Each structure stands twice: as structure tokens, then as C-alpha cells.
Amino acid sequence: MTLIPRLTDLLLEHYVFPDTAAELAKTLAAADAAGRYDGADQARLAELVTADLQSANGDLHLRLKHSEAPP
């Protein structure tokens, strides 16, 4: 899956708190390596990744959204 590496890159490049971004990048990479996201449909994947993104500091603005409609 290429989503998690891309997402971690974006976090590291753009998130306002660099230390938190690094922690989140590790969290997402570890979850991906452990198979947490394997087999999840797109909606469930968005829920799982959002929970992991918000785990470090509870930033409710930091989330992965899923939509059936194209952007």
C-alpha cells in the first residue's frame, strides 16, 4: 500500500508540530507493518488511520476522510 508512506511524508513536511509528526509517522508505519490496515475497505481504512492520527495529541483536525464521490 502506498497510502501510508505518502501520508507520513505529508505529515513530516507539513504538520505544524514536527515532533508530533515524527511520532505519528512512526505510529502509522508500525501499524502498517503490523498489518493493521490490511484488508480494510476504504471507509474502514480512513477510520483506522484517523484514530491513529489523533492518538498522539487528539488533534481532531487531523484525519483521513473517505468519500465515494470523486473530489
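Helix 2 passes helix 3 in a right-handed crossing, and this report, which describes a predicted model, starts from that meeting and then follows the residues that take part in it.

## Helix 2 against helix 3

The axes of these two helices, helix 2 and helix 3, come within 9 Å and cross at roughly 145°. On the side of helix 2 the residues that meet the partner are L24, T27, L28 and A31, while helix 3 brings V49, D52 and L53 to the contact. Sorted by class, the contact of helix 2 with helix 3 has five nonpolar, one polar and one charged residues.

L24 has its place in helix 2, which covers residues 18-33, and L24 counts as buried because its relative accessible area is 0%, where buried means under 20%. When the neighbours within four places in sequence are left aside, L24 is in contact with L11, D52, L53, S55, A56 and L62.

D52, for its part, lies in helix 3, and with a relative accessible area of 10% D52 is likewise described as buried. Not counting residues up to four places away in sequence, D52 touches L24, T27, L28, A31, R36 and Y37.

## Helix 1 against helix 3

Helix 3 (residues 42-54) also has a contact with helix 1 (residues 3-14), and here the axes come within 13 Å and cross at roughly 35°. The crossing in which helix 1 passes helix 3 is right-handed. From helix 1 the residues L3, I4, L7 and L11 take part, and they meet L45, V49 and L53 of helix 3. By class, this contact of helix 1 with helix 3 has seven nonpolar residues, with no polar and no charged ones.

T8 is buried, its relative accessible area being 10%. L24 and T8 are 16 residues apart in sequence, and in space their C-alpha atoms are 7.6 Å apart.

## Salt bridges

The structure holds two salt bridges, and the table sets them side by side.

| Residue pair | N to O distance | Relative accessible area |
|---|---|---|
| R36 and D52 | 2.8 Å | R36 36%, D52 10% |
| R44 and E47 | 3.0 Å | R44 42%, E47 47% |

R36 is partly exposed at a relative accessible area of 36%, whereas D52, at 10%, counts as buried.

The pair of E47 and R44 belongs to helix 3, and because these residues are three residues apart in that helix, about one helical turn separates them. E47 is partly exposed, with a relative accessible area of 47%, and R44, at 42% relative accessibility, counts as partly exposed as well.

## An aromatic pair

A pair of aromatic rings is described by the distance of the centres and the angle of the planes. A search of the whole structure finds one such pair. Why is the pair of Y15 and F17 edge-to-face? The ring centres of Y15 and F17 lie 5.9 Å apart and the ring planes stand at 70°, so the pair counts as edge-to-face, for which the planes must be over 60 degrees apart. Y15 is buried, with a relative accessible area of 13%, while F17, at 46% relative accessibility, counts as partly exposed.

## The segment after helix 3

Where is R63 placed? The place of R63 is in the segment after helix 3, and at 40% relative accessibility R63 counts as partly exposed. Leaving out residues up to four places away in sequence, R63 touches T50, L53 and Q54. R63 and A46 are 17 residues apart along the chain, and their C-alpha atoms are separated by 7.9 Å.

Key:
Residues are numbered from 1 along each chain as its sequence is written. This is a predicted model: local features need pLDDT of at least 70, side-chain atom pairs count only at pLDDT 80 or more; totals for chains, interfaces and linings use all residues. Side-chain values use heavy atoms; hydrogens and water are left out. Helices (H or I, at least four residues) and strands (E, at least two) are DSSP runs, numbered from the N terminus. Buried means under 20% relative accessible area, exposed over 50%, partly exposed in between (1.4 Å probe, protein chains only). Contact means heavy atoms within 4.5 Å. Axes are lines fitted to C-alpha atoms, for helices over the stretch in contact, and angles run from 0 to 180 degrees between N-to-C directions. A crossing is left-handed if the near helix is turned anticlockwise from the far one by less than a right angle, and right-handed if clockwise. Ala, Val, Leu, Ile, Met, Phe, Trp, Tyr, Cys and Pro count as nonpolar, Asp, Glu, Lys and Arg as charged, and the others, Gly among them, as polar. Rings of Phe, Tyr and Trp (its six-membered ring) pair if their centres lie within 6.5 Å; planes under 30 degrees apart count as stacked, over 60 as edge-to-face and the rest as tilted. A salt bridge is a side-chain nitrogen of Lys or Arg within 4 Å of a carboxyl oxygen of Asp or Glu.
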